[in-house]
Amino acid sequence: MDSIIVTGNGPLNGQIPIAGAKNACLTLMPATLLSEEPLTLTNAPRLSDIRTMTTLLRSLGAEVSTLQDGKVLAMASHGEINPVADYDIVRKMRASNLVLGPLLARLGHAVVSLPGGCAIGARPMDIHIDALTALGAEIELKEGYLHATTKGGLKGAVHEMRFASVGATENFLMAATLAKGTSVLKNAAREPEIVDLANCLRKMGAQIEGDGTSTIEIQGVDRLHGATHPVVTDRIELGTYMLAPAICGGEVECLGGRIELVGAFCEKLDAAGIDVEETARGLKVRRRGDRLRAVDVVTEPFPGFPTDLQAQMMALLCTAEGASVLEEKIFENRFMHAPELMRMGAKIEVHGGHAKVTGVNRLKGAPVMATDLRASVSLILAGLAAEGETIVNRVYHLDRGYERVEDKLRAVGAKIERISGQ
Ligand code: UD1
């Protein structure tokens, strides 16, 4: 398995281009199953999770071609569609569950393995099951697979989710586009990736209103047609790279970044002593003084502070003046990076869903272990400002969500290299 070696090397300066959003692309790709006509995505990120979704869609009978070095995904589902999403592919990535809604809409039945993904909590499927059941599906769990059927196709319905699940909103939205009649989803998730999915579905002929708010209304149509759609900017990659100059000093412009994608995050950066300036090309980030200030952070569904930036924010707060409390409200087991940061000299106490971080002057490089996708990159960020060398082991999770991380950071002056393992 590959490792990454980072050596603290002073301030970072320059520009970092931000890719299309992994989480948007992972829900846009299964939308190809909703139409027999081609769906083309541009600005796709080049990540192993996207390759996993490609493999899954091909196993279901869709055609997926990667063009322009992987930045364009040309898809078509005009042939026979296989309703079974196999465990061997699905276990690699939880987002595989996003084929459930489209398969049900297209075929009226689906058999989808329960997913795997990052080990950051229980992550059950009950909200997805309730949402699709509301549209008339009958879903049973047998031998690790969800068996879903409909009698006479999906029917529009009003449904309120017990929690604003991102994936369940996406599955409901895709399924309801082809259901008979009107569907209303209440307590829907409001993430920008959902708005991006709705924009793409509208280009395909779907009738959707209210995406980006907590009530989405969908008027079912008989069929969807082809479309070309650019994937929205990755707000998590954006936030991650905004933290690089915040931690190390210097000034970095994140190309393609927009404030509305990272509003709550920018408020916390401001409170910690970091300036963010909107430019014509993106967001420019620099630290105001020498020492950062402690801030408290609570993760929440969008537009709140994203759970996917909590680990990286913790890396920043490790060297801020004073004590910060981070509260994790989305995933119950998402502080696995804390003991690794402590190996680098961070002072962190974890009690259930809270972590108290007391800032130290400087972290010290150490060998550490990456436990999940966002934890991996938080250790790299910490290593960028630490004294000496940090070796981040087991970085395979990193490649699921960050394209060419070492190239992007090296381009702004970081000392970072990848060591290939067996
Ligand atoms: C998506 C993102 C992930 C992000 C998360 C929260 C993708 C591919 N992944 O994941 O990066 O961290 O949103 O912003 O877009 N839950 C249930 N039952 C369900 C579904 C979810 O209890 O049926 C719980 C989960 O265990 C978790 C919480 O709800 O505690 C949030 O999950 P959800 O919003 O569904 O996240 P994902 O769509 O899996």
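**Salt bridges and a buried glutamate**

Guide: Asp308 is buried, and Arg334 is buried as well. The model is a predicted one.

Visitor: What makes Asp308 and Arg334 a salt bridge?

Guide: Their closest N and O atoms are 2.8 Å apart. The cut-off is 4 Å between a side-chain nitrogen of Lys or Arg and a carboxyl oxygen of Asp or Glu, so the pair qualifies. Asp308 sits in the loop between strand 18 (297-298) and helix 10 (310-317), and Arg334 in the loop between strand 19 (323-327) and helix 11 (337-343), so the pair ties together parts 26 residues apart in sequence.

Visitor: Why can such side chains pair?

Guide: Side chains of opposite charge can do so when their charged atoms come close.

Visitor: How many salt bridges does this rule give?

Guide: The count is 24. One of the pairs is Arg223 with Glu37, whose closest N and O atoms are 2.8 Å apart. Arg223 is in the loop between strand 13 (215-219) and strand 14 (227-230), and Glu37 is in the loop between helix 1 (22-28) and strand 3 (39-42), so this pair ties together parts that are 186 residues apart in sequence.

Visitor: Why is Arg223 called exposed?

Guide: Its relative accessibility is 53%. Exposed means over 50%, so Arg223 counts as exposed.

Visitor: Why is Glu37 called partly exposed?

Guide: Glu37 has 29% relative accessibility. Buried needs under 20% and exposed needs over 50%, so Glu37 falls in between.

Visitor: How do you know that Glu251 forms a salt bridge with Lys284?

Guide: The closest N and O atoms of Glu251 and Lys284 are 3.9 Å apart. That is within 4 Å, so the pair counts. Glu251 belongs to strand 15 (residues 250-255) and Lys284 to strand 17 (residues 282-287), and the pair links parts of the chain 33 residues apart. Glu251, at 28% relative accessibility, counts as partly exposed. Lys284, at 23%, also counts as partly exposed.

Visitor: Which residues are linked in a network of salt bridges?

Guide: Asp2, Asp399, Glu406 and Arg418 are linked in this way.

Visitor: Why does Glu403 count as buried?

Guide: Glu403 has 7% relative accessibility. Buried means under 20%, so the label applies. Glu403 is in the loop between helix 13 (398-401) and helix 14 (405-410).

Visitor: What does the side chain of Glu403 reach?

Guide: The side chain of Glu403 reaches the backbone nitrogen of Arg46 at 2.7 Å. The limit for a polar contact is 3.5 Å, so this distance is within it. Leaving aside residues up to four places away in sequence, Glu403 touches Ala19, Pro45, Arg46, Leu47, Glu237 and Lys408.

Notes:
Residues numbered from 1 in each chain as written. Predicted model: local features only at pLDDT ≥ 70, side-chain atom pairs only at ≥ 80, totals over all residues. Heavy atoms only, no water. Helix = DSSP H or I, 4+ residues; strand = E, 2+ residues; numbered from the N terminus. Buried < 20%, exposed > 50% of the residue type's maximum accessible area, 1.4 Å probe, protein only. Polar contact = N/O pair within 3.5 Å; in protein donor to acceptor, adjacent residues only side chain to side chain. Contact = heavy atoms within 4.5 Å.
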